[in-house]
Amino acid sequence: MAGAGKFFYNLLLMFYYWIESIVLAFVPKRLRYKSIAGEVVLITGGGSGIGRLLCLRFASHGAKIVVWDLNLDAARETTKMVREKGGEAFAFHCDVSKPQNVYEAAAKVKREVGKVTILVNNAGIVTGKRFLDCPDHMIIKTFEVNAMAHFWTCKAFLPDMKEDNHGHIVSIASMAGLTGVVKLTDYCASKFAAVGFEESLRLELFQEGYTGIHSTVVCPYFINTGMFDGAKPGLLSMMTPEYVAEQIVSAVLVNQEVIMLPKVMNLLIMLKSIFPVTAVMLAMHSWRISTAMMAFKGRESLQNTNFPVTDYEDTKVKSL
């Protein structure tokens, strides 16, 4: 196809997908769910919070659940809850910030459970301090857990997905991965990295023709899990973990590429691309979005910044 012809063909396809998205918006998601019965779903940070709820919800759709967590007892508790509801689940200890640990745990999962077909990068950590108050090792650890871990898990499981042209990668990012927030410089930067990684990987897979491998990046606002205890979300309310988990699973089941929670946050991102930077800064300050972390307390265990960068077992890294 000639250059001009291909251009107009792609333009028509873009228009078609735009119209399709509008039409599908009026069709209930439940009518468009794909089946994940028998799929192996691995969730990092699955020992508590959103991670645990995702395990239970994916299991309710017939998937086998693999729980990764720093706290093996918590991971086992999650698997127990899944099994009590008739599901199949397996618990593994894994420090996702360390590539070799990820690769070794991944090999064990493949031997004992099988190929992972749905990977959910959910583990996260937050410091919640002003930039100059952030200890160096906490900045490094924030990036290792919130962003770099996505590289290691995808390297571990993506080859199998490519071999079968089948799979789904889920990145639990944050609205803080799309807009800055005071006292979240390291967290925002790490989540921006997670968003950029997912989008670039999605484009790479599309360019290589892997039509059977999907991806979803999730950008939620503040969730009432304790991770952001003390934060004041401004005009918006804290979302319940149950609501967020349900929305994430629903998005995965319809192969939705990007999900922002609550949906009104789509408007904020649109405003960022239209209005001058100073106007957006003023609006975010007035709506108390950029200053939501001013009274942040967080989990007490995460406020101890004296642990060495190579050992953060005591930080109890959890899901959002």
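I began with the largest cavity, whose volume is about 160 Å³. I worked on a predicted model, in which local features need pLDDT of at least 70, side-chain atom pairs count only at pLDDT 80 or more, and totals for chains, interfaces and linings use all residues. Residues are numbered from 1 along each chain as its sequence is written, and side-chain values use heavy atoms, without hydrogens and water.

I noted the terms. On a 1 Å grid over the protein atoms alone, a cavity is a set of points where a 1.4 Å probe fits but cannot get out; a pocket is an open set with protein on both sides within 12 Å along at least five of seven lines; lining residues have an atom within 4 Å of a point. A volume is the space filled by probe spheres set on the points, which are joined across faces, edges and corners.

I found 2 cavities of 30 Å³ or more in the whole structure. The largest cavity has 16 lining residues, with Ser174, Ala176, Pro220, Tyr221 and Phe222 nearest its centre.

I then turned to the largest pocket, with a volume of about 1600 Å³. Its lining comprises 33 residues, and Ser21, Asn255, Gln256, Glu257 and Val258 lie nearest the centre. I looked up the contributing elements (DSSP runs numbered from the N terminus: helices H or I, at least four residues; strands E, at least two). Helix H1 (3-24), helix H6 (185-207), strand E6 (213-220) and strand E7 (258-261) each supply at least two lining residues. H1 gives the most, with 8 residues.
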